[in-house]
Amino acid sequence: MALPRAQIMAGTAEGLSRFEELIRGLSDAAWNTTTRCEGWVVADVAAHVAGTITAIATGQLQELADPAHVARQVAERKGRGPGELADEVRDSGKVGIDIMGSFDDASWDGPLPIDLPGTLGEGVEAIWYDAYVHAEDINDALGRPAERGSGLRAAVSHIAGVLDRDGWGPATLAFDGLEEFPVGGGGDRIAGDPLTFVLVATGRQDPSVLGLDETVNIYRPR
C-alpha cells in the first residue's frame, strides 16, 4: 500500500528537484567517485536516475520492464557531465510529474500500464524511492551526511510494499520517527533506524545488523 497520492506527487517532485541540485555542479573528481553500487561511479548513478525519468516522460514505459534497461541507461549517457544530466532530470521530471498527475483516481489505484507488479500509485512512489536511495548513494560516496526527510519514509513504504508482494513476513516495520508499516498483515515488530533498514533491504548493508537474513533484500535473485 503506497502513501497517499498527494504526498507521493509532492514528494516525487521534491525528490527529483533535490537530486538535480545534488548532482549539478559536481567536480570531475566527485563525478568519477566510486559508489557502493557495484561497478558504478557517481556519474553512473545519475545516469540511471535520469534515464528512468526520461523513459517515463517520453512514453517509453515498457523500457522499464526490461531487466537490461538499467545498464542501457547508463551506457547511453557515458561521457555526459553533471550539468547535462541535471538538466535532463529537471526537464524530464517536469514532463513526468505532469503525466503522473493527469491520471484519475481509478487509474492511480489500478495496475501499472506495463508488465510489472503493483498499482500505478505504487509505481510513482517507486520513482520517489529511487531518487532518494540513489541520492543517498551519492552522499555516501562523497562523504556527505545522509538526508532523513520524507524520502526516507517513502523508501520504507515502497520496500514494505515490495516485501508484502513477495510474501515476506509477516512483520511490522516500526522504525524510529515513522508510522508502522505492516507486511503480510503485520507480525513481529522490526524496530531501529529506518535508514539502516533501507540499506539492509536493498542489499547495501548486512541484514544481520537488524537481526534479519538475506530474504529481506528486495533485489535478491528470485
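Reply: Start with one term: buried means under 20% relative accessible area, exposed means over 50%, and partly exposed lies in between, with a 1.4 Å probe and protein chains only. This is a predicted model, in which local features need pLDDT of at least 70, side-chain atom pairs count only at pLDDT 80 or more, and totals for chains, interfaces and linings use all residues. Residues are numbered from 1 along each chain as its sequence is written, and side-chain values use heavy atoms, with hydrogens and water left out.

Me: What does Thr-52 touch, not counting residues up to four places away in sequence?

Reply: Thr-52 touches Leu-64, Gln-73 and Asp-130 on that count, where contact means heavy atoms within 4.5 Å.

Me: What makes the pair Thr-52 and Gln-73 a polar contact?

Reply: A polar contact is a pair of N or O atoms within 3.5 Å; within protein, one must be able to donate a hydrogen and the other to accept it, and residues adjacent in sequence count only if both atoms are side-chain atoms. The side chains of Thr-52 and Gln-73 are joined at 3.4 Å, so the pair falls within the limit.

Me: How do you know whether Ser-92 is buried or exposed?

Reply: The relative accessibility of Ser-92 is 10%, so Ser-92 counts as buried. Ser-92 lies in helix α5, residues 82-101. Beyond its neighbours within four places in sequence, Ser-92 is in contact with Ile-53, Thr-54 and Ala-57. The side chains of Ser-92 and Thr-54 also form a polar contact of 2.8 Å. Ser-92 and Leu-16 are 76 residues apart along the chain, yet their C-alpha atoms are separated by 9.7 Å.

Me: Which residues of α5 are buried, and what covers them?

Reply: Among the buried residues of α5 are Pro-82, Leu-85, Val-89 and Ser-92. Their cover includes α1, α2, α3, α6 and α7.

Me: What makes up the largest nonpolar core?

Reply: A nonpolar core is a set of buried Ala, Val, Leu, Ile, Met, Phe, Trp, Tyr and Cys residues joined through side-chain atoms within 4.5 Å. The largest one has 67 residues, and those with the most contacts inside it are Ile-23, Trp-168, Leu-173 and Phe-197. Ile-23 is also one of the buried residues of α1.

Me: Why is the protein called as compact as a globular protein of its length?

Reply: The secondary structure comes to nine helices and three strands. The radius of gyration is 17 Å, close to the 17 Å that the globule rule gives for 222 residues, so the protein is as compact as a globular protein of that length. The radius is taken over C-alpha atoms, and the rule is 2.2 Å times the number of residues to the power 0.38. Buried residues make up 49% of the 222.

Key: Helices (H or I, at least four residues) and strands (E, at least two) are DSSP runs, numbered from the N terminus.
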